[in-house]
Amino acid sequence: MYDKIEKWLNDILEQEIPPETVAFCFNLYEDDSNSWSMELVGTGDFDANPDNSDWACEEGTDFDTRDTPLSWEEDAEWDEVLEGVIAALK
């Protein structure tokens, strides 16, 4: 999974990052059973407080990943996919 995420991110981050971008947010979601997708969003706001889940709502750019997210098949539960993505991003 690491190689797939690395290539996807490298391709995206070749684009110019808008100057108002202060943070990145990875939107991970399940499309269908065992079908997962992830988008990258640049935001104009950031709040490290774990109780503020709305900090990423001030989207400045989605780097066109809303139309072309990273997608893959994986027979796993949400927590397992999330842990795998976090490990790959780290």
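**Burial and overall layout**

Guide: Of the 90 residues in the protein, buried residues make up 33%. Keep in mind that this is a predicted model. The average pLDDT of the protein is 91, and 100% of the residues score at least 70.

Visitor: Among contacts between residues at least 6 apart in sequence, what share joins residues at least 24 apart?

Guide: That share is 55%.

Visitor: How should I read the two sides of a strand?

Guide: In a regular strand, side chains alternate between the two faces of the sheet. Take strand 2 here: S35, S37, E39, V41 and T43 point one way, while W36, M38, L40 and G42 point the other way.

Visitor: Are the residues of strand 2 buried or exposed?

Guide: Nine of the nine residues of strand 2, residues 35-43, are buried, so the strand is largely enclosed by the rest of the structure. The burial therefore covers the residues pointing either way.

Visitor: Which strands pair with strand 2?

Guide: Strand 1, residues 23-32, runs antiparallel to strand 2 and is joined to it by nine bridges. In that pairing, L28 has M38 as its bridge partner. Strand 4, residues 70-73, also pairs with strand 2 in the antiparallel sense, over four bridges; there S35 is partnered by E73. Strand 3, residues 59-61, is antiparallel to strand 2 as well, with two bridges, and T61 of strand 3 is the bridge partner of G42.

**Positive phi**

Visitor: What is the phi of F63, and what is the phi of D64?

Guide: F63 has a positive phi near 50°, and D64 has a positive phi near 60°. F63 lies in the loop between strand 3 and strand 4, and D64 has its place in that loop too. F63 counts as buried, at 3% relative accessibility.

Visitor: What does T65 touch?

Guide: T65 lies in the loop between strand 3 and strand 4 and is buried, with a relative accessible area of 1%. Leaving out residues up to four places away in sequence, T65 touches W8, I12, E39 and L40. E39 and L40 point opposite ways from strand 2.

**Aromatic pairs**

Visitor: How is a pair of aromatic rings described?

Guide: Such a pair is described by the distance of the centres and the angle of the planes. The count here comes to two aromatic pairs. For W36 and W78, the ring centres are 6.1 Å apart and the planes stand at 35°, so the pair is tilted. This pair links distant parts of the chain, with W36 in strand 2 and W78 in helix 2 (residues 78-89), 42 residues apart.

Visitor: How accessible are W36 and W78?

Guide: W36 is buried, with a relative accessible area of 1%, whereas W78 counts as partly exposed at 38% relative accessibility.

**The surroundings of T43**

Visitor: Where is T43, and which backbone oxygen lies 2.8 Å from a polar atom of its side chain?

Guide: T43 is in strand 2 and counts as buried at 0% relative accessibility. The backbone oxygen is that of D45. Not counting residues up to four places away in sequence, T43 touches E20, T21, V22, A23, W55, A56, E58, E59 and G60.

Definitions and conventions:
Residues are numbered from 1 along each chain as its sequence is written. This is a predicted model: local features need pLDDT of at least 70, side-chain atom pairs count only at pLDDT 80 or more; totals for chains, interfaces and linings use all residues. Side-chain values use heavy atoms; hydrogens and water are left out. Buried means under 20% relative accessible area, exposed over 50%, partly exposed in between (1.4 Å probe, protein chains only). Two strands pair if DSSP finds at least two bridges between them. Rings of Phe, Tyr and Trp (its six-membered ring) pair if their centres lie within 6.5 Å; planes under 30 degrees apart count as stacked, over 60 as edge-to-face and the rest as tilted. Contact means heavy atoms within 4.5 Å. pLDDT is the predictor's confidence in each residue, from 0 to 100. A polar contact is a pair of N or O atoms within 3.5 Å; within protein, one must be able to donate a hydrogen and the other to accept it, and residues adjacent in sequence count only if both atoms are side-chain atoms.
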